[in-house]
Amino acid sequence: TNYDLIIKNGQIVTASEVLPSNLELGIRDGIIVAIGINLEISCNTEIIDAEGGYITPGGIDSHVHVAQDNAPTGDTWETATRSAIAGGTTTVLAFASQKRHEESIFPVVTEYHRRAGGQSYCDYGFHIILSHPTDQILDEELPKMVETEGITSVKLYMTYEPLKLTDRQMLEVMLSCRRLGMTTMIHAENSDMISVIIDGLERKGNTNPFFHAIARPQIAEDEASYRAISLATLVDTPILIVHMSSQTAMQHVRRAQTRLLPIHAETCPHYLFLLSDMLQHDDTHHDHFDSAKHICAPPLRHHVSDLEGLWQGLANGTFTVWSSDHAPHTYDHPKGKKAGLIDGVARFSKVPNGIPGVETRLPLLFNQTEACQPPETARISLPQFVQLTATNAAKLYGLGNRKGSIVAGFDADLIIWYPPGDPRGGVDISQSMMHHGVDYTPFEGLKVQNWPRYTILRGKVIWNRECGGIIGEKGYGAFLKRGRGQLVTGKMQQPVTGMVANERGYWMPGK
Ligand code: DUC
Ligand code: ZN
Ligand code: ZN
């Protein structure tokens with residue numbers, strides 16, 4: 001046996017185990033081919049000594065926005081994926097977004113392929129945002145997308161005028177996804193509640209960035225989340241509610257899971273580490289509008305207890321995935337965040353939503369495990385970290401046969417962390433160390449005790465923090481044709497009384 005690369009002296013972490021450090025990883029042709037003791041070294045074997053550091057699967061960030069039409073500033077595929085690998089992420093799933101007037105989704109996907117092609121440092125795939133789900137798209141095009149493109153997930157919006165679907169449309173999409181084994185992602189906020197509040201705030205001149213958080217209260221997320229779960233239950237379709245920010249909404253998911261419904265949830269670093277005081281006017285800032293840097297939807301919540309509730313959900317398994325919702329907008333640009341500064345007057349409703357975070361996603365969570373904390377303050381275990389950042393996303397989105405775990409036969413996508421307690425791993429997060437294309441990080445000043453030392457994609461070191469930084473090549477990242485998600489089919493519930501499946505798999509009112 002010949003290995004191209006052997007990694008030794010590391011503690012391999014999978015979704016279920018932390019393995020002893022005498023186990024070595026043998027890699028050939030970009031694939032993990034052996035996990036064993038004293039692997040045979042040949043003259044062309046490269047060796048990396050992990051020095052006792054943990055080795056985790058390369059991160060899969062299943063929710064990033066890159067070069068979408070609604071974001072004229074911010075990242076290109078080059079800058080976003082450069083940022084991803086510097087933070088340990090080896091696969092991103094981004095969005096190809098259909099606009100209302102577009103009658104076919106094939107040109108949409110072609111265009112997003114054009115934007116990403118040859119530009120990516122990491123592997124990537126697309127979800128399709130459906131804003132105009134015609135019968136033609138649902139019946140003819142989606143099946144082709146699954147077969148020819150390996151695009152096996154859609155995202156639906158319940159809010160935002162240009163994107164939002166009616167309940168009926170959501171049901172129709174869910175039925176198609178159910179039939180095709182696609183994963184349905186849902187942005188759950190009640191659109192009318194939010195627009196009524198925004199109009200009222202604007203009439204009173206309450207337009208500073210802080211009012212963004214007032215305009216999108218928890219009840220709007222709570223109601224829409226419960227409605228999404230109800231719709232999914234009616235048609236017996238698995239869903240994933242994206243970027244959940246509040247405990248009350250999360251509890252609907254928890255209750256549904258207790259009933260064995262296939263309801264999945266995602267949360268993101270900003271909802272666990274940041275509060276709405278970041279949106280407050282702050283006199284120490286030179287620039288009083290810079291709280292707009294923290295405008296995202298759902299918004300940052302108000303209380304530490306809100307954060308605590310979400311930490312519980314991560315620890316008790318309510319959340320399936322931890323994604324960044326990387327949505328980069330340049331702050332100091334008239335089409336970026338400052339689109340909300342009109343003749344010197346702040347207008348929160350004109351600020352593009354979203355914050356960058358693809359680079360900081362993994363270190364922020366790793367810092368909450370026993371690798372960085374004493375057992376009494378660790379929020380989650382190392383295997384849970386692996387589940388939330390890689391394994392579950394791979395399974396949910398149809399990559400579970402090749403990515404998301406450290407096992408023989410899988411792609412050698414890996415992070416090697418600094419040895420626990422090694423001061424070289426400690427980082428004060430700041431914009432100056434970021435690799436993205438935007439001019440700020442919302443996590444400025446947060447400290448973490450460890451940072452990816454090496455990022456490895458299909459056996460190649462693409463990030464070496466001490467020696468060269470970004471050493472991968474633009475264009476090495478490949479488009480991933482995905483299979484059907486594994487977590488979307490598993491546990492099907494009995495349909496609501498009175499519904500029977502017809503031969504196409506539709507649940508219809510029975511006799
Ligand atoms: N909210 C969204 O709905 N999308 C992108 C970013 C954000 O904050
Ligand atoms: Zn969203
Ligand atoms: Zn998003």
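This is a predicted model: local features need pLDDT of at least 70, side-chain atom pairs count only at pLDDT 80 or more; totals for chains, interfaces and linings use all residues.

Residues are numbered from 1 along each chain as its sequence is written, while chains are lettered from A and ligands numbered from 1 in the order in which they are written.

**Exercise 1.** Find which residues of α10 are buried and which are exposed.

*Solution.* Start with the terms: buried means 20 or more other C-beta atoms, placed from the backbone, within 10 Å of a residue's own, and exposed means 12 or fewer. Helices are DSSP runs of H or I, at least four residues, numbered from the N terminus. In α10, the buried residues are L310, G313 and L314. They lie on the same side of α10, because they cover an arc of only 100° around the axis (taken from the directions from the helix axis to the C-beta atoms). On the face turned away from that buried side sit the exposed V304, S305 and E308.

**Exercise 2.** Which residues is I186 in contact with, leaving aside neighbours within four places in sequence?

*Solution.* Contact requires C-beta atoms, placed from the backbone, within 7 Å. With those neighbours left out, I186 touches L156, M158, A228, I239, I241 and V242.

**Exercise 3.** Which residues are around ligand 1?

*Solution.* Count residues whose C-beta atom, placed from the backbone, lies within 6 Å of the ligand. These are H65, H187, C296, A297, D325, A327, N353 and G354.

Definitions and conventions: Helices (H or I, at least four residues) and strands (E, at least two) are DSSP runs, numbered from the N terminus. Two residues are in contact if their C-beta atoms, placed from the backbone, lie within 7 Å.
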